[in-house]
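My entries follow in the order in which I made them.

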Amino acid sequence: RSSAEKFEFQAEVSRLMDIIINSLYSNKDIFLRELISNASDALDKIRFLALTDKEVLGEGDDAKLEIQIKLDKDKKIISIRDRGIGMTKEDLIKNLGTIAKSGTSAFVEKMQTGGDLNLIGQFGVGFYSVYLVADYVEVISKHNDDIQYVWESKADGAFAISEDSWNEPLGRGTEIRLHLREEAGEYLEEDKLKELVKKYSEFINFPISLWATKEVDVEVPADEDESSEEDTNEKTSSEEEEEVEEEEGEKKPKTKTIKEKTQEWEVLNDVKAIWLRSPKEVTEEEYTKFYRSLSKDFSEEKPLAWSHFTAEGDVEFKAVLYVPPKAPHDLYESYYNSNKSNLKLYVRRVFISDEFDELLPKYLNFLKGLVDSDTLPLNVSREMLQQHGSLKTIKKKLIRKALDMIRRIAEEDPDESNDKEKTDVEASDKDEKKGQYTKFWNEFGKSVKLGIIEDASNRNRLAKLLRFESSKSDGKLVSLDQYISRMKSGQKDIFYITGTSKEQLEKSPFLERLTRKNYEVIFFTDPVDEYLMQYLMEYEDKKFQNVSKEGVKLGKDSKDKELKESFKDLTKWWKDALVSENVDSVKISNRLDNSPCVVVTSKYGWSANMERIMQSQTL
Ligand code: ADP
Ligand code: MG
C-alpha cells in the first residue's frame with residue numbers, strides 16, 4: 001500500500017524477532033496464549049475505564065467483553081479479536097516495535113545462551129511470539145481516541161502503518177491476523193486450538209470463543225428433483241416423509257432431515273474465578289495452573305508454596321499468594337527504584353491494577369498473586385484507591401499470611417526439621433517437599449534479609465526464616481532456632497563473623513579459641529549481611545556478638561588475672577607504640593589459640609569486612 005507509513009523496529013526488538021523466527025525447535029504453541037493474554041489485558045483496561053465512565057464501552061456488541069478466534073483454512077489465517085481498549089496509531093508504533101521494553105535485551109541474552117522461549121511472556125515481549133507460526137502479521141486496531149489503523153510486518157526489520165479503509169470497522173478493540181507459515185498448518189485445526197485454549201488459557205476472565213464447525217440437523221424440502229449430490233443413505237431414510245403426507249386434502253410440502261455443517265461461536269472456557277471457590281475444592285493442579293497464568297511462568301516447575309484465604313472483619317478480601325520456583329531476572333536489579341508488586345488487585349471481581357505498590361512491602365515483591373476486595377470502592381480513580389484506608393489493613397494481613405506461607409515451606413521440608421516428631425507430613429508428600437526450603441533460600445534469601453532491615457514490626461518473624469552456614473553446619477544451612485538449641489551451657493550471646501567466604505572465615509584467627517572450645521559461630525558472607533546485622537540486634541533475648549569485635553565473653557578463666565599481671569609491661573609497651581587515632585587500646589585476651597595477636601574492632605565500630613564493602617562501593 002502506497003499510503004502506508006514505514007518504520008524500523010528498534011534494534012533489540014529486531015534481534016529478538018530474528019531469534020524467534022529461527023527457533024525451529026521450540027514450542028510454537030505459546031503464541032496463542034500470549035495473544036489471548038494480551039487480549040485479556042486489553043479487556044481489563046477498558047473494563048477498568050468503564051467503572052468511572054460507562055460511555056467508553058459503547059453499545060451492542062462493542063460492549064461485550066470477549067475474545068473471538070476465527071480460522072480461514074483456505075487463506076491459512078488465524079485471527080484473534082478482542083473488544084478491549086484498542087491501540088491508537090501512536091500506541092501501535094510504540095508498543096509493537098519502536099520502544100524496547102526493559103526485558104527485551106535481557107530476554108535476547110537469555111535466548112542466546114539457550115534460554116527457554118516459553119518464558120517470553122515474563123519478559124514483556126510475548127507479542128512477538130506470533131512469528132513462531134506466522135510470516136506475515138496484521139494488527140488491526142481501533143481505540144476510542146483514534147481512527148482504525150492497520151499495523152503489518154513480515155518481520156524483515158520493518159513494519160508499516162496505514163489508515164484502515166478496507167477492513168470491516170471494529171467498533172473498538174484489536175484483531176490480530178496471523179498469516180501462517182507453511183509448516184504451521186496444524187493451527188488451522190479447530191481441535192488443536194480448542195486443546196490449546198483449554199491448556200493455557202483456562203483462567204482467562206473473559207469468554208474465549210471459536211468460530212467452530214457444528215453439525216446440525218436441518219429440515220429441507222424432500223423434492224425428487226433436488227440436487228443429486230445426496231447419498232443413498234439419506235434417500236432411504238426418507239420414510240419420515242410419511243408423517244407429512246397430505247391430510248384432508250391439504251397439501252403440505254414434503255420435508256426430510258439431513259445433517260449439515262454450519263459455523264457458530266463456541267465458548268471454549270468457563271470463566272472461573274478460582275479465588276472465589278473454597279480452598280478445599282481447588283486441586284493442587286488447579287493452583288499450579290492458576291499460578292502459571294498469573295505469573296506467565298510456563299516453565300515446568302511448580303510454585304514453592306501458595307496460600308489461599310479469606311479475610312473477614314472490617315476489611316473483607318480474598319487472596320491467593322504464591323512463592324514462585326525462581327526469582328525473576330531483575331528482582332534485585334530494580335529493587336531500589338521500583339516498588340512494583342506482583343499482586344493483581346481486583347475489586348469485586350473487576351481487575352484494577354497489577355502495579356499497585358500499596359499492597360506489599362518491597363521486600364515481598366517476589367511473591368505473585370491476587371487480591372480481590374469487596375470493601376474497596378469500585379467507582380473511584382486509581383489514585384484515590386491508592387489512598388484508601390483499608391489498604392493498610394490489607395497489606396498487614398498479606399504480610400502476615402506471606403510470612404506464614406514461607407515458614408510452612410520450612411516446616412514441611414524434611415531436610416529442615418531436626419525434630420523427628422514433626423513427621424505429620426505424608427510420606428508421598430515428603431519427597432516433594434524435600435529441599436524446598438533450601439531452594440527458597442537460594443532464590444529469595446536476600447529478600448528475607450532486606451525485610452529484616454526494612455520491616456521492624458515483622459523483624460522477629462523474618463529472623464525465624466534466616467538461614468546461614470556456620471562453623472558447625474558442615475555445608476548445610478542452619479536457622480537461628482537450631483543455633484540456639486545447640487548453644488553451650490553458659491553461652492549468652494549468638495556468635496557470628498562476617499567476611500567474603502566460608503573458606504576465608506574458617507581460617508580466621510578470631511575463630512581459633514571458639515572452635516576449640518566447641519562454640520558455634522555463624523558465617524555471614526553476603527555483603528548485605530553487614531547491614532542486616534546493624535538491624536538484627538537480638539533474637540529470643542539473645543544478643544548477637546560479632547567475634548571480630550570486642551566484647552566476646554567465653555566465661556572467666558582462673559588464669560586471666562595472673563596473665564594480665566605478668567604481661568603488664570609488654571602491654572604497656574604495645575600501648576605506647578600503637579595507640580593513636582587508629583588503635584583504641586591493647587588488651588590481654590583469651591580469644592586466641594595459635595595466633596599471637598589479632599586486631600579487633602570496637603563494639604560500635606565497623607567491622608573490617610564492612611570497611612571492605614564500603615570501600616568497594618565508593619570505588
Ligand atoms: P506485554 O503484554 O507483557 O506488555 P507484549 O509483547 O505481549 O507485552 O505486548 C506489548 C504491548 O502491546 C502491550 O503492553 C500492549 O500495550 C500492546 N498490545 C498487544 N496486544 C494488544 C491488544 N490485543 N490490545 C491492546 N493492546 C495490545
Ligand atoms: Mg503480553
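**Entry 1: the chain as a whole**

I began with the contacts of the protein chain (two residues are in contact if their C-beta atoms, placed from the backbone, lie within 7 Å): among those between residues at least 6 apart in sequence, 72% join residues at least 24 apart. I note that this is a predicted model, in which local features need pLDDT of at least 70 and side-chain atom pairs count only at pLDDT 80 or more, while totals for chains, interfaces and linings use all residues. Residues are numbered from 1 along each chain as its sequence is written, and chains are lettered from A and ligands numbered from 1 in the order in which they are written.

I then looked up the dimensions, and found that the C-alpha trace spans about 135 × 60 × 50 Å along the principal axes of the protein chain. The radius of gyration, taken over C-alpha atoms, is 34 Å, whereas a compact globule of 619 residues would have a value near 25 Å, by the rule of 2.2 Å times the number of residues to the power 0.38. Buried residues make up 32% of the 619; a residue is buried if 20 or more other C-beta atoms lie within 10 Å of its own, exposed if 12 or fewer, and partly exposed in between, with C-beta atoms placed from the backbone. I count 19 helices and 19 strands in the protein chain, where helices (H or I, at least four residues) and strands (E, at least two) are DSSP runs numbered from the N terminus.

**Entry 2: the nine-stranded sheet**

I traced an open sheet of nine strands in the order β1-β6-β5-β4-β7-β3-β2-β8-β9, with mixed pairing; two strands pair if DSSP finds at least two bridges between them. Its edge strands are β1 (5-8) and β9 (255-267), each of which pairs on one side only. Neighbouring strands are turned by 25° against each other on average, direction ignored, the axes being lines fitted to C-alpha atoms, for helices over the stretch in contact, with angles that run from 0 to 180 degrees between N-to-C directions.

Within this sheet, β2 (residues 67-72) and β8 (residues 208-221) pair in the parallel sense over three bridges, and I67 stands opposite I208 in β8. Helix α2 (residues 30-52) packs on the sheet, touching β2, β3 (77-82), β7 (173-180) and β8, and its direction makes about 20° with that of β3.

T262 touches K214 and V216, not counting residues up to four places away in sequence, while its C-alpha atom is separated by 48 Å from that of H329, 67 residues away along the chain.

**Entry 3: around ligand 1**

Which element gives the most to the shell around ligand 1? It is α2, with five residues; α2 and α3 (89-98) are the elements that give two or more. The shell holds 17 residues, of which N38, A42, N95, G126 and F127 come nearest (a residue is near a molecule or strand if its C-beta atom, placed from the backbone, lies within 6 Å of it).

**Entry 4: R83**

Leaving out residues up to four places away in sequence, R83 touches L43, D62, K64, L65, E66, R172 and G173. R83 and D61 are 22 residues apart in sequence, and their C-alpha atoms are 8.6 Å apart in space.

**Entry 5: positive phi values**

Most residues other than glycine have a negative phi, and I therefore looked up the exceptions. With 13 C-beta neighbours inside 10 Å, R349 counts as partly exposed.

D541 lies in the loop between β18 (538-539) and β19 (542-546), with a positive phi near 65°. D541 is exposed, since 7 other C-beta atoms lie within 10 Å.
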